[in-house]
Amino acid sequence: MVLGLTCMTCLSLVLVVRSDPCLIISEINADNPRLDTTEFVELYHTSGQRASLDGYTLVFYNGNGNVAYKVLDLKGHSTDDRGFFLVGSVDMLPKPAILLPPNTVQNGPDAIVLYHTSAARYSEKMNVTAFGLVDAVVYMTRRTGGAEFLAEILTPGEPAFVEDETALEGDESIERCLLSDDRWGFQVSLPSPGKRNNCTPPASPAPFPVITELKLGGGQVDGFVELTGAQAAGPLVLVVLDGRTDRVSVSLDVVLTASRNGLITMTVEKTYMKGDESGAVAIYSGRASDYPVGSPLSQIQPLDAFVFAGPGNKPSANLTEMLIPGRQPYQLSNRLREGGFYLSRCGVATWARDPGVFWEAPQTPGQPNQCPWPKICPHSIVIPGGTDSPIHLPPWGNSDFLINELNTDTPGAAEDGEYIELWHPSGRRVSLQGIWILLFSAHNNRPYREISLSGHFTTSKGYFLLGSDRLVPAPSLRLPPNTIQNGPDAVALYRSPFGPPSASQRGIPTKGLLDAVVYRQRGSDREAQELSKVLTPGQLPLLEDPEVLLGDEALSRCRGLYPYDLSAFSVAPPTPLRENSCPRPPPAPKGVVISEVASGQWTNHSKQRAFVELYGPPMTDLRGLVLSVFDQKSSVVAIALPLIGSIDQDGFYIIGNVTGADQTFPEGSTVPERGAVVLCYDLFSICRGGTALTNSSLRDVLVFSDNQQLLSSLSTTGGRQVIPALRSVEDGPVSLSRCSCCEVRNPFSWISSSPTIHSNNICPSFAFSSHIDLCFGPLSSDWYEQSEGCGGLLKAKTVLEVADYLEEKCHCGITEMYLQGANFSCVSGWLRVWGRILAISDHQKALIIQTSHMNPSANVCSAPTMDHHKNTASALGLQIGLIVTVLLLLGTGAALFTYFYRRRRPLDYYTMELSEHAEGLSDL
């Protein structure tokens, strides 16, 4: 496909790496399925040629005891013609140069180290040493752990590699691959003894496209850019930028349907950029019309980007920082090449926007890249993911790891129950790549222990535990007993992907600080002043008081998710890898309700802001209440905010990122477009979890979502939600406002209106009312029977059904509250509604009048129809009356006939005698 793209002068790549080739450990297979008969260790000389191994020694260390269990002197051996050398089991193919008995290479926690010095220095059962070290691999499995000491000695600042035996079906090995620039890492892949490792770049993480190949033209030919196709990403645009002006040179729409093997190639015309100058190529969501030629660099983050620097001509810092933050541009040299040269994505790093993953390689448009084996030596050994793309954090915004629980002093002299528990607010399994824990001593304000957590993951619930080796449950990272000092000291958590935090900053590091806890013993708070000043400014150190509880105790996070906030911690029973057992909150404040809620996503108005307003008795202390915000997308708590302070003198308390707020939302969090707001009174862990809330926990609830899971879990709302009606307000922000003072957890108390922060809510008023006169038939097939006849129709349910019917026609926010001025009467199963219908503004009043004048539907009748039904009923009554009159006349005529008949015929004595006998029998 030919679309014009940029032509760049044909220059070559200069890698800033060590020029001399070296010997490295390139692959290890320590654990085979069933019997360990194909174990091996592969060495590789980065020259790619035969090289002598004289002077090298290979040592195998056991992590249980940290002593050598196998030593191999490589004197007299050499690599093959391609630079490979194998040590392995007798049964494996190709045949190793040095044969080992089956099950020689241990599974971990262990280490394999390559030394270059006199072989006489190394022997079996010797202690681990770094003297003469050339290369080392420390590894363990998720089941074993325990390689921390080996890693500290052999690969300081980097953790042991965790081999995941479940990553592949069948056998797998630990392979060294280049990540980016000159940084190496390890990955689990299919075994490839005596061959190039399977260092294929990862597949594009759908739905985001990445640049996979570029051609930089030499001024005579066009260039091209190849990228992965991603249909789910929507429309895409390729933008070429001038490195001198930071302006768009050309922008081209990406045709997603023109992919070949999932790859899209776009040709660049040679007239847009000169290859001896700096520039950039970026992929954005959108269309070419969004990035016109000559427009300045967009502030929108690209999906992927490649920035290059011409000889003696660097791109601006603005261009580099915006497109590839934290990375260096791709440096070009003065050496020209006819026809251009080609760059392919070959580094196995999973992150995007990094020119360092590109190497010079043959052009393969529409095909997998053909990456050469790198001829550079390891500059630093890191594990893929150290500077990966941002971790997925739904639904907690930009929140990062926190210190969740700390137990620094356990009963007895052994101190074998100490631990530090971390927690990620996503509540999910998250990588700890680049995370460090520093243990500080207040005596010299320096870290006495730096611990890298790279290579580890949290549990499925977001917890990570490091502590004494006898701790139950077993920690993921074991520490020797009595490692964590009792105080005055500090524990600090950092994100530092490029090494120990102390290496980049003198004194007490603050760069990359995620969270910190400064703690003390009785009478020692002044000794930790310097640590408190830097790590937790303005706060006194915590006291883990052993007299509070019988037995052991811990410092547990109970009141909030703000970092460096010591007020969030309480002394509580230890609960490693479980919900914290926090003290019960004080008695619930009375009379506090949710008064108004708004989301910043409900309208596009410039003044639309997210906030929650509470209302209650002035100066009421809010301690013990937690504001929980649920997001419909995940049906879990997006914000859990312990409330502080008290209601103001006017009865209001505002939470949100708005002017005059009493408390703000956590960074990166807000009220979602659809969800729920809950005023919770319970343990913070329960309010945060949101799954075990009871009637006593739920002080007030507003559900603005039709998500059935939310409605059922917050069942006290009666299964009814309140959705903001945007038409209720004319061209302005919208909020949901309570208009029934203190009836909590009642969805019928809410209407849509304009926000009124720190003042009385706008509610339906007679000042904006209009006349209504409607007649309704039964609103459902069983309506008449369920309402027990005509009299039952005037129940509250009927008022609600009428309000819902009107709102369905108007879409302007009508609720039953708007019908306070209406009269209801019922005749023969038909309902008449007349009187005044309220409104909150002239705008809404006009919409209601327009709705009431609409043509009636099948179940709405006019006034004459009502009269017709009244007349029918009257006729029926008249017919019944006539029948009764006729029957009375017939009865009267029969009585008169009998009387006159007896007057005309006298009785005979015989009959009289019989009658007397009959009377006697009757008396008897």
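Colleague: How do I read aspartate 650: buried or exposed?

Modeller: Aspartate 650 has a relative accessible area of 52%, so it is exposed. Buried means under 20% relative accessible area, exposed means over 50%, and partly exposed is in between (1.4 Å probe, protein chains only). This is a predicted model, in which local features need pLDDT of at least 70 and side-chain atom pairs count only at pLDDT 80 or more, whereas totals for chains, interfaces and linings use all residues. Residues are numbered from 1 along each chain as its sequence is written, and side-chain values use heavy atoms, with hydrogens and water left out.

Colleague: Where is aspartate 650 in the chain?

Modeller: Helices (H or I, at least four residues) and strands (E, at least two) are DSSP runs, numbered from the N terminus. Aspartate 650 sits in the loop between β38 (636-642) and β39 (652-656). Its C-alpha is 9.9 Å from that of asparagine 760, although the two are 110 residues apart in sequence.

Colleague: How should I read the salt bridges, and how many does the structure hold?

Modeller: A salt bridge is a side-chain nitrogen of Lys or Arg within 4 Å of a carboxyl oxygen of Asp or Glu. The structure holds ten. One of them joins the side chains of arginine 557 and aspartate 515 at 2.7 Å, N to O. That pair links distant parts of the chain, 42 residues apart: arginine 557 is in strand β33 (residues 554-557) and aspartate 515 in strand β31 (residues 513-520). Both residues are buried.

Colleague: Which residue forms a salt bridge with arginine 832?

Modeller: Aspartate 773 does, with the closest N and O atoms 3.0 Å apart. Arginine 832 belongs to strand β46 (residues 830-839) and aspartate 773 to strand β44 (residues 765-776), so the pair ties together parts that are 59 residues apart in sequence. Arginine 832 is partly exposed at 27%, and aspartate 773 is partly exposed at 38%. Another salt bridge, at 3.1 Å (N to O), is between the side chains of aspartate 242 and arginine 244. Here aspartate 242 is buried at 12%, while arginine 244 is exposed at 53%.

Colleague: What is the strand order in the open sheet of five strands?

Modeller: Strands of a sheet pair through backbone hydrogen bonds, either parallel or antiparallel. Two strands pair if DSSP finds at least two bridges between them. In this open sheet the order is β5-β4-β8-β9-β10, with mixed pairing. β5 (67-73) and β10 (161-163) are the edge strands, each pairing on one side only. Direction ignored, neighbouring strands are turned by 25° against each other on average. Strand β4 (residues 56-62) pairs with β5 in the antiparallel sense over six bridges, and threonine 57 has aspartate 73 in β5 as its bridge partner.

Colleague: And strand β17: how many of its residues are buried?

Modeller: Five of the six residues of β17 (residues 263-268) are buried, so the strand is largely enclosed by the rest of the structure. Strand β14 (residues 223-228) pairs with β17 in the antiparallel sense over six bridges. Valine 225 stands opposite methionine 266 in β17.

Colleague: Last, which residues make the nonpolar surface patch?

Modeller: Patches are made of residues with over 30% relative accessible area and no salt bridge: like charges are joined within 9 Å, nonpolar side chains (Val, Leu, Ile, Met, Phe, Trp, Tyr) within 5 Å. Accessible areas come from the Shrake-Rupley method with a 1.4 Å probe, and for residues only the protein chains shown count as cover. Ile883, Val886, Leu887 and Leu890 make a patch of about 410 Å². Leucine 887 lies in helix α10 (residues 863-904) and counts as exposed at 56% relative accessibility.

Key. Axes are lines fitted to C-alpha atoms, for helices over the stretch in contact, and angles run from 0 to 180 degrees between N-to-C directions.
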